[in-house]
Amino acid sequence: MMGPSHALSGAAAWLAGSWALHQFANVAQSPLEVAVGTAICAGGALLPDLDMSGKVTRNQGGATVARTFGVASLFVAEVVEKFSLGVYTATKLSRDPRRDNGHRTFTHTLPFCGLIGWGTTALCAGYGYWAVIGIVFFMSGLALRGLFDKWAERAGWVIVTLASAVIAWFTAANLPTDRGYPLLGVAVGVGCFVHILGDMITKNGVPILWPIPLNRRMWRMVGIPNSMAVKVGGKVEVVVLRTAFTVISLLSIAGLFVPGVLERFNLDVWASK
Ligand SMILES: [Zn+2]
């Protein structure tokens, strides 16, 4: 899938999950907490494609994420791609093909989702509030780039970076400082996982079984059959899937916040009687 679809799927997953937690486990979040979690999960849903360096320089394909912060993120993408290729080459078995590009390898595995979620949690636990602000800055940049791709394309990376800074500043000014932030790591990890699921329904699949060796292959690409696969950037993705993700997001927002609004309204009615 392309960047915007990935970002939308991440946002939809987080909003639906927040609604379910609220509904069935009585976990209440403030609107700001839900917004921050959603932005981070949408950004996280773009993170695995930070392994697309080669295509970025030729300005092709789903390079959304690597252009977020201009040259800086292009450089990060280059490092991530080479590192992923290194992991691939170091762990490949005799029947895994030789590769010269790391796209859809290490960053598209379950251990990566876990590692990045754990790393985020560790950063927040170690450095607290300011780590949270840094993570919000970085991830909301990715989310903006993904969710508002046309705008981001026109505005360019300087504006996107400035907009992320404003979001981080607003969050810094309003997020409570007196508590941990256990959901941030979860949001990043869930975002990555949703990305992998999204790539599984497109051609070629993802190495979701890594590092389980099967039949002298460690990097078996798993996905639905190519004949049924969703065409990247095709009608099913752009119209059907994106509409579905948007509807899920809106319904979840309504489910999360409309009852509260109604309740307050009722109380006001009561009070005035
Ligand atoms: Zn991907």
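In this predicted model, helices α5 and α9 are roughly antiparallel to each other, because their axes cross at roughly 160° and an angle over 145 degrees counts as roughly antiparallel. The protein chain contains 10 helices and zero strands. Of its 273 residues, 45% are buried.

**Overall architecture**

- Read along the sequence, the elements of the protein chain follow the pattern α-α-α-α-α-α-α-α-α-α.
- Among contacts between residues at least 6 apart in sequence, 72% join residues that are at least 24 apart.

**Packing of α5 against α9**

- Helix α5 spans residues 110–127, and its axis comes within 7 Å of the axis of α9.
- The two helices, α5 and α9, form a right-handed crossing.
- On the α5 side, the contact is made by L110, F112, C113, I116, G117, T120, T121 and C124. On the α9 side, the contributing residues are L184, G185, V188, G189, C192, F193 and I196.
- By class, this contact of α5 with α9 comprises 10 nonpolar residues, five polar residues and no charged residues.

**Packing of α2 against α9**

- Helix α2 covers residues 31–44 and helix α9 covers residues 182–200. Their axes lie 7 Å apart, and the helices pack at an angle of about 35°.
- The crossing in which α2 passes α9 is right-handed.
- Helix α2 contributes V36, G37, I40, C41 and G44 to the contact, while α9 contributes L184, A187, V188, V190, G191 and C192.
- By class, the contact of α2 with α9 has eight nonpolar residues, three polar residues and no charged residues.

**Salt bridges**

- The count of salt bridges comes to six.
- One of them joins the side chains of E78 and K82, with an N to O distance of 3.3 Å. These two residues are four residues apart in helix α4, which spans residues 71–91, so they are separated by about one helical turn.
- E78 has a relative accessible area of 31% and is therefore partly exposed. K82 also counts as partly exposed, because its relative accessibility is 45%.
- E78 and K82 belong, together with E81, to a network of salt bridges.
- D96 forms a salt bridge with R217, and the closest N and O atoms are 3.1 Å apart. D96 lies in the loop between α4 and α5, whereas R217 lies in the loop between α9 and α10, so the pair ties together parts that are 121 residues apart in sequence.
- D96 is buried, because its relative accessible area of 3% falls under the 20% limit.
- A further salt bridge is formed by the side chains of R242 and E237, at 3.6 Å from N to O. Both R242 and E237 are buried.

- E81 is found in helix α4 and is buried, with a relative accessible area of 1%.
- Leaving aside neighbours within four places in sequence, E81 is in contact with L50, D51, S53, D100, N101, G102 and H103.
- T38 is located in helix α2. With a relative accessible area of 12%, T38 is also buried.
- Not counting residues up to four places away in sequence, T38 touches A11, W14 and L15.
- T38 and G10 are 28 residues apart along the chain, and their C-alpha atoms are separated by 7.4 Å.

**Backbone features in the loops**

- The peptide bond from W210 to P211 is cis, with omega near 5°. P211 is placed in the loop between α9 and α10.
- R216 is also found in the loop between α9 and α10. Phi of R216 is near 60°, a positive value in a residue other than glycine.
- R216 counts as exposed, because its relative accessibility is 55% and the limit for exposure is over 50%.
- N26 is likewise a residue other than glycine with a positive phi, near 60°. N26 lies in the loop between α1, residues 3–24, and α2.
- The relative accessible area of N26 is 65%, and N26 is therefore exposed.

Conventions
Residues numbered from 1 in each chain as written. Predicted model: local features only at pLDDT ≥ 70, side-chain atom pairs only at ≥ 80, totals over all residues. Heavy atoms only, no water. Axes fitted to C-alpha atoms, helices over the stretch in contact; angles between N-to-C directions. Left-handed = near helix turned anticlockwise from the far one by under 90°. Contact = heavy atoms within 4.5 Å. Nonpolar A, V, L, I, M, F, W, Y, C, P; charged D, E, K, R; others polar. Parallel < 35°, antiparallel > 145°, perpendicular 65-115°, else oblique. Salt bridge = Lys/Arg side-chain N within 4 Å of Asp/Glu carboxyl O. Buried < 20%, exposed > 50% of the residue type's maximum accessible area, 1.4 Å probe, protein only.
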